[in-house]
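Reader: I've got a model open and I'd like to learn how to read it. Can you walk me through how helices and strands sit together?

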Amino acid sequence: MEAKNRVPVLSDVAKAAGVSVPTVSRVLTSSKYVAPELRERVMKAVNDLEYRPNSAARATRSGKRSMVAVLTGATSNYGYAKTIEGIEHAARKAGLSVIIAVVESDSEAAVNAAIDLVLSQPVAGVIILEFDRPGLAAVKAFPSSVPMVVAGGGTRRSGSNPSALLDERSAGRDATEYLLSLGHKTVHHVAVPTMGKHSGRTQGWKSALTTAGAPVPPVLHATWEPASGYKLGLDLADQGDVTAIFCGNDDVAIGVISALLDRGRRVPEDVSVMGFDDQPHVALWRPSLTTVRQDFGDLGARAFQLLSAAVDGADGSASSIVKPELVLRNSTAAAGS
């Protein structure tokens with residue numbers, strides 16, 4: 001793959017700062033004294049050009065770029081892991097290797113550390129998983145001199161970078177409409193962490209309730225862990241008017257179901273519960289979990305194809321959007337059944 005944009009090198013910085021290449025090198029390595037005025041000019045040029053002294057730039061000059069990078073806020077959560085797996089599989093088929101850098105938080109220091117790690121390698125381009133705040137911060141901070149694709153959930157996003165998306169908003173709306181169609185007067189929602197105030201699935205939930213003229217209960221905020229769902233499920237179990245719960249992911253849904261059962265509430269006879277993601281184990285849960293299937297492997301493959309096109313010089317901000325699908329199982333039923 002050929003680079004779309006030439007990565008700035010030392011001579012570019014030297015020209016912009018009006019100094020020699022050795023002077024730039026001395027500033028960046030702090031190997032010798034450089035007058036403060038010259039240092040300031042060099043650092044301004046470095047920032048303006050988004051220059052980073054790394055092997056990625058050397059690879060651009062030599063034409064050898066054998067890697068793609070993934071920047072992600074996590075690696076073990078189901079959606080993250082399966083998306084990375086999809087990227088890796090597509091990259092291997094194209095003869096490229098993949099490196100992964102975890103953005104530990106959305107702080108400037110953590111984001112820059114991950115970006116510097118990625119750009120210290122001969123990368124052809126980068127895919128950033130925009131599933132959370134660290135991912136969003138990395139998208140905003142990543143230099144435009146290296147091809148980048150964003151992978152995440154949503155119908156659209158700002159910015160000029162290509163994006164591979166899962167239409168979580170439509171899926172959340174479909175899930176909620178299905179529960180309402182079973183005769184439930186409203187649907188309670190246990191949300192998982194997101195990059196903004198609300199995820200697409202939460203927005204879809206609220207949109208469906210509002211359109212139907214149904215009450216909109218307060219959003220309950222869980223972590224990614226089943227134990228968090230269990231704790232919130234205990235509270236929901238004690239509310240006699242709760243008959244339907246839409247959870248932000250399958251792990252949380254399993255925690256909620258466990259809490260309901262421990263409180264003597266039957267699922268789905270008393271309370272219908274729906275998850276999101278369709279992890280492999282939820283079909284074997286009892287009752288088997290009604291959920292929304294997101295094909296994260298396909299998301300990763302689509303992101304890689306967009307990156308490949310961007311690195312090869314494709315113009316425009318292409319996007320690839322796929323709507324997740326409902327998977328109906330035994331954890332949901334008609335109200336009062």
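Reader: How are α10 and α11 oriented to each other?
Author: Angles under 35 degrees count as roughly parallel, over 145 as roughly antiparallel, 65 to 115 as roughly perpendicular and the rest as oblique. Here α10 (residues 226-237) and α11 (residues 250-262) pack at about 40°, with axes 7 Å apart, and are therefore oblique to each other. This is a predicted model, where local features need pLDDT of at least 70, side-chain atom pairs count only at pLDDT 80 or more, and totals for chains, interfaces and linings use all residues. Residues are numbered from 1 along each chain as its sequence is written, and side-chain values use heavy atoms, leaving out hydrogens and water.

Reader: What do "helix", "strand" and "angle" stand for?
Author: Helices (H or I, at least four residues) and strands (E, at least two) are DSSP runs, numbered from the N terminus. Axes are lines fitted to C-alpha atoms, for helices over the stretch in contact, and angles run from 0 to 180 degrees between N-to-C directions.

Reader: Which residues of α10 meet α11?
Author: Contact means heavy atoms within 4.5 Å. In α10, they include Gly 229, Tyr 230 and Gly 233, while the α11 side includes Gly 255 and Ala 259.

Reader: And in what order do the sheet's strands come?
Author: Strands pair if DSSP finds at least two bridges between them. This open sheet of six runs β2-β1-β3-β4-β5-β11, with parallel pairing. β2 (97-102) and β11 (319-322) each have a single partner strand, so one side of each has no neighbour in the sheet.
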